Amino acid sequence: MKKTTTLYKVYDLYADGFRRMTVGKTLWLIILVKLFVIFVVLKLLFFPDFLARKATDDAGKADYVAGQLCGTE
């Protein structure tokens with residue numbers, strides 16, 4: 001790959017920027033840990049799968065949701 005292409009220049013700009021970061025690396029680590037906590041830990045603790053307890057097949061799940069929306073169950 002030629003080192004004069006635009007794609008290489010863009011890659012080199014970002015690679016050099018991340019390589020020279022000092023405080024930024026710590027901030028990126030904090031961001032990644034927060035995203036992990038939000039999407040993995042909170043989902044496991046606070047958002048259980050209600051449909052798995054109410055029905056086992058797709059038709060049963062659809063009937064349960066329809067019943068909840070219409071207020072018949």
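Predicted model: local features only at pLDDT ≥ 70, side-chain atom pairs only at ≥ 80, totals over all residues.

Trainee: How does the radius of gyration of the protein chain stand against that of a compact globule?

Mentor: A compact globule of 73 residues would come out near 11 Å, but the protein chain has 24 Å. The box around its C-alpha atoms tells you about the dimensions too: roughly 65 × 30 × 20 Å along the principal axes.

Trainee: What share of the residues counts as buried?

Mentor: Just look at relative accessibility, where buried means under 20%. Of the 73 residues of the protein chain, 5% fall in that class. As for the surface, the accessible area is about 6800 Å², and carbon and sulfur atoms account for 68% of it.

Trainee: Let's take the helices one by one. How far does helix 1 reach?

Mentor: Compare the end-to-end distance with the one expected at 1.5 Å a residue. Helix 1 runs over residues 6–20, and its 15 residues reach 21 Å from first C-alpha to last, close to the expected 21 Å. Helix 1 is also hardly covered, with one buried residue among its 15.

Trainee: How many salt bridges are there, and where should I look for them?

Mentor: The general idea first: side chains of opposite charge can pair when their charged atoms come close. The count here comes to two salt bridges. Look in helix 1, where arginine 19 and aspartate 16 both lie. Arginine 19 forms a salt bridge with aspartate 16, with the closest N and O atoms 3.4 Å apart. Arginine 20 forms one with aspartate 16 too, and there the closest N and O atoms are 2.9 Å apart. Those salt bridges share partners, joining Asp16, Arg19 and Arg20 into one network.

Trainee: Why does spacing along a helix matter for a pair like that?

Mentor: An α-helix has 3.6 residues a turn, so residues three or four places apart point the same way. Arginine 19 sits three residues from aspartate 16, about one turn of the helix. Arginine 20 sits four residues from aspartate 16, again about one turn.

Trainee: What about helix 2: where does it bend?

Mentor: Helix 2 covers residues 23–46, and its 24 residues reach 33 Å, close to the 34 Å expected. The bend is at valine 37, by about 30°.

Trainee: What comes between helix 2 and helix 3?

Mentor: A loop, and phenylalanine 47 lies in it. Phenylalanine 47 has 55% relative accessibility, so it counts as exposed. Its C-alpha is 28 Å from that of leucine 27, 20 residues away along the chain.

Trainee: And which residues does leucine 51 touch?

Mentor: When you look for contacts, skip residues up to four places away in sequence; leucine 51 then touches Lys61, Tyr64 and Val65. Leucine 51 itself lies in helix 3, residues 50–54. At 28% relative accessibility, it counts as partly exposed. For a distance check, leucine 51 and alanine 62 are eleven residues apart in sequence and 9.3 Å apart in space, C-alpha to C-alpha.

Trainee: Last one: how well does the span of helix 4 agree with what it should be, and which residue follows?

Mentor: Helix 4 takes in residues 58–70, and its 13 residues should span 18 Å; the end C-alpha atoms are 18 Å apart, so that agrees. Glycine 71 follows helix 4, and its phi is positive, near 80°. With a relative accessible area of 57%, glycine 71 is exposed. Glycine 71 and alanine 52 are 19 residues apart in sequence, with their C-alpha atoms 20 Å apart in space.

Notes
Residues numbered from 1 in each chain as written. Heavy atoms only, no water. Helix = DSSP H or I, 4+ residues; strand = E, 2+ residues; numbered from the N terminus. Expected span 1.5 Å × (residues − 1). Buried < 20%, exposed > 50% of the residue type's maximum accessible area, 1.4 Å probe, protein only. Bend = angle between axes of the 7 residues up to and from the residue. Contact = heavy atoms within 4.5 Å. Rg over C-alpha atoms; globule rule 2.2 N^0.38 Å. Areas by Shrake-Rupley, 256 points an atom, 1.4 Å probe, with all protein chains shown as cover. Salt bridge = Lys/Arg side-chain N within 4 Å of Asp/Glu carboxyl O.
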